[in-house]
Amino acid sequence: MRSVSALLHLFILLLAAPTIALAGNSADPHSYAQPDQVTIKAMHLDLDADFASQTLAGSVELALDWHQRSARELVLDSRDLSIERVELRRGQRWRPADYALAEADPILGSRLSIDTGRRQPDAVRIHYRTAPTASGLQWLGAEQTLGKREPFMFSQSQAIHARSWVPLQDTPAVRYTYSADIQAPAGLLVLMSAENPFEASADGRYRFTMEQPIPSYLMAIAIGRLEFKPISERAGVFAEPERLDEAVYEFADTERMIAAAEALYGEYRWGRYDLLILPPSFPYGGMENPRLSFITPTVIAGDRSLVQLIAHELAHSWSGNLVTNDTWNSFWLNEGFTSYVENRIIQALFGAERADMEFVLDARGLARDYEQLPVEPSLQRLVQDLTGLDPDAIYTTTSYTKGAWFLRFLEQRVGREPLDTFLREYFDHFAFRSIDNDTFRAWLDEHLLSRHGEAVTAAQIDTWLNEPGIPEFAPVYESAAFARVDGQREAFLAGEQAASELPGADWNTHEWLYFLNGLPAALEQEQLQALDQAFGLTQTGNSEIAFAWYLIGINNGYPAIRPGLEQFLVEVGRRKFVVPLYRALAERESDRRWGRSIYQRARPGYHPITSASVDEIFSQTQP
Ligand code: BES
Ligand code: ZN
């Protein structure tokens with residue numbers, strides 16, 4: 001008896017083991033999908049964009065790869081979608097299918113489970129429409145565009161918003177190719193993260209194909225009055241015609257950036273690399289949608305001083321779009337690598353001095369955040385567990401700056417050339433795959449550390465990946481130009497040098513940011529006035545300098561910034577700027593009501609992702 005039951009046990013264990021192991025590896029806390037059972041391998045979208053009702057309506061067809069014989073359902077992610085009907089295809093025949101849409105979870109949205117029956121279908125087709133409030137889309141009226149003539153619409157799918165405009169497996173662990181038929185109002189140009197047209201079609205019909213497999217967060221669409229100008233054979237800019245020439249000038253170095261990245265990490269694998277300049281409500285600086293990065297207009301400073309953003313989004317063509325985090329718990333594999341590569345591109349184009357300034361600004365910012373915000377210890381770790389958390393609502397600079405700092409540490413310890421070789425091989429080996437922290441660690445041990453045993457210890461790697469804070473053995477970076485600015489700032493604060501005697505007219509954007517970010521929290525009105533008078537800071541056209549200055553102004557109750565700040569908050573919806581500005585206003589008793597009233601006016605123009613963050617600030621503070 002005993003041996004039979006033991007055998008039975010063993011049998012059950014053997015049966016269960018592979019499933020458990022797979023589920024353990026692929027579990028994405030931000031998706032209902034079950035990629036160990038079935039995955040999407042290709043998608044076809046057929047959608048009508050209707051600006052009057054602010055909806056996309058039509059169907060999506062998903063071609064499926066089944067991995068488990070016993071699987072009887074297809075589970076998809078969705079948010080605020082109206083599902084009309086679902087069909088299944090086996091061979092050539094389409095048949096209606098049963099499905100259930102669960103009640104929405106506030107972070108994850110609604111689980112859509114489709115009953116696929118005993119014979120696993122080859123494809124499913126879902127007829128649906130989006131909500132006007134879809135979290136991943138923004139519908140703008142003509143008045144919110146530069147030309148004020150036509151409406152505009154764009155998507156932002158990362159991290160978990162693709163599900164608000166397409167029902168799908170919304171996890172970066174799954175990749176698929178796609179095609180799309182889109183109907184838009186005649187005269188408007190439609191663009192996607194795919195092969196794009198250069199001109200508007202006469203009838204508003206467009207067909208797209210994306211032949212490289214991508215994860216859902218890289219699904220993207222934009223519709224508007226847009227024109228194209230080339231930068232090089234394979235790079236160019238789409239923008240509203242009123243902004244096109246400025247943008248082409250600002251981003252003229254894009255081709256050189258692509259070439260620099262290729263020289264470091266191997267061929268650019270996505271065909272074209274174009275930029276789409278969005279209206280200022282775009283909630284991010286940039287978004288690395290394949291073949292077509294989405295870019296905020298707030299980086300058009302007129303002097304090309306903020307183009308690290310382009311280097312950043314381009315760098316994702318390797319780190320992120322080729323090699324992807326399998327869940328948001330390994331987000332640093334996307335953003336930390338990208339921030340490192342971004343800086344290498346800047347160095348290749350503009351030299352070490354500028355690259356170092358950019359890194360020092362980021363590194364000092366991170367250290368300040370850890371000390372002053374202060375950032376919760378668990379969010380200071382590269383390897384994260386975001387279960388139960390909204391990926392939009394957490395502190396993410398760790399993944400960017402600490403991630404890049406870790407790679408710089410490796411570079412310092414093993415040497416630049418070995419690290420470059422390692423990275424090139426890593427991008428090649430994991431191209432078009434999604435990986436977790438353990439897979440990276442194992443690859444690192446085998447392909448770098450085992451060859452440089454004396455340079456880095458396992459304990460050091462553990463500290464970088466799993467401990468909060470910045471390791472005390474982290475390399476320290478200085479910039480000679482910044483050291484001079486330190487001296488000048490001190491002399492100014494000590495009253496030894498008047499504002500008008502500072503060499504501010506010769507400072508570049510980075511030196512200005514370094515000067516401003518290093519000022520103490522409390523300043524005298526006279527000091528602010530003197531700086532403003534000497535350098536016209538309140539009037540600056542550089543969004544990064546304006547942001548830094550406005551924050552200082554708010555925290556010191558400096559009234560001169562108020563009209564400019566108000567205009568900035570109403571026009572710009574970039575989260576990185578508006579969230580800290582509203583937070584500073586909300587924290588000051590005397591500014592809270594004013595901040596709220598600006599927000600009331602600005603909110604209708606904000607993207608849902610931005611208003612969600614700002615709503616939270618004001619819901620947590622006294623009226
Ligand atoms: N992929 C990100 C933007 C993003 C991250 C959107 C997480 C949604 C969720 C993009 O590449 C990015 O990092 N943008 C930065 C640019 C900067 C670091 C140069 C931004 O938007 O500020
Ligand atoms: Zn990024």
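Colleague: What share of the 623 residues in the protein is buried?

Modeller: In this predicted model, 57% of the 623 residues are buried, that is, under 20% relative accessible area, with a 1.4 Å probe and protein chains only. Local features need pLDDT of at least 70, side-chain atom pairs count only at pLDDT 80 or more, and totals for chains, interfaces and linings use all residues. Residues are numbered from 1 along each chain as its sequence is written, chains are lettered from A and ligands numbered from 1 in the order in which they are written, and side-chain values use heavy atoms, without hydrogens and water.

Colleague: How many helices and strands are there in the protein?

Modeller: The protein has 18 helices and 21 strands, taken as DSSP runs numbered from the N terminus (helices H or I, at least four residues; strands E, at least two).

Colleague: Why is the protein called as compact as a globular protein of that length?

Modeller: Its radius of gyration, taken over C-alpha atoms, is 25 Å, close to the 25 Å from the globule rule for 623 residues, so the description applies. That rule is 2.2 Å times the number of residues to the power 0.38.

Colleague: How do you know that the span of helix H16 agrees with its 13 residues?

Modeller: The expected span is 1.5 Å times one less than the number of residues. For H16 (residues 575–587) this gives 18 Å, and the end C-alpha atoms are 18 Å apart, so the two agree.

Colleague: What covers the buried residues of H16?

Modeller: Those buried residues include Phe577, Leu581 and Leu585. Among the elements covering the buried residues of H16 are helix H14 (543–555) and helix H17 (589–602), where contact means heavy atoms within 4.5 Å.

Terms used: Buried < 20%, exposed > 50% of the residue type's maximum accessible area, 1.4 Å probe, protein only.
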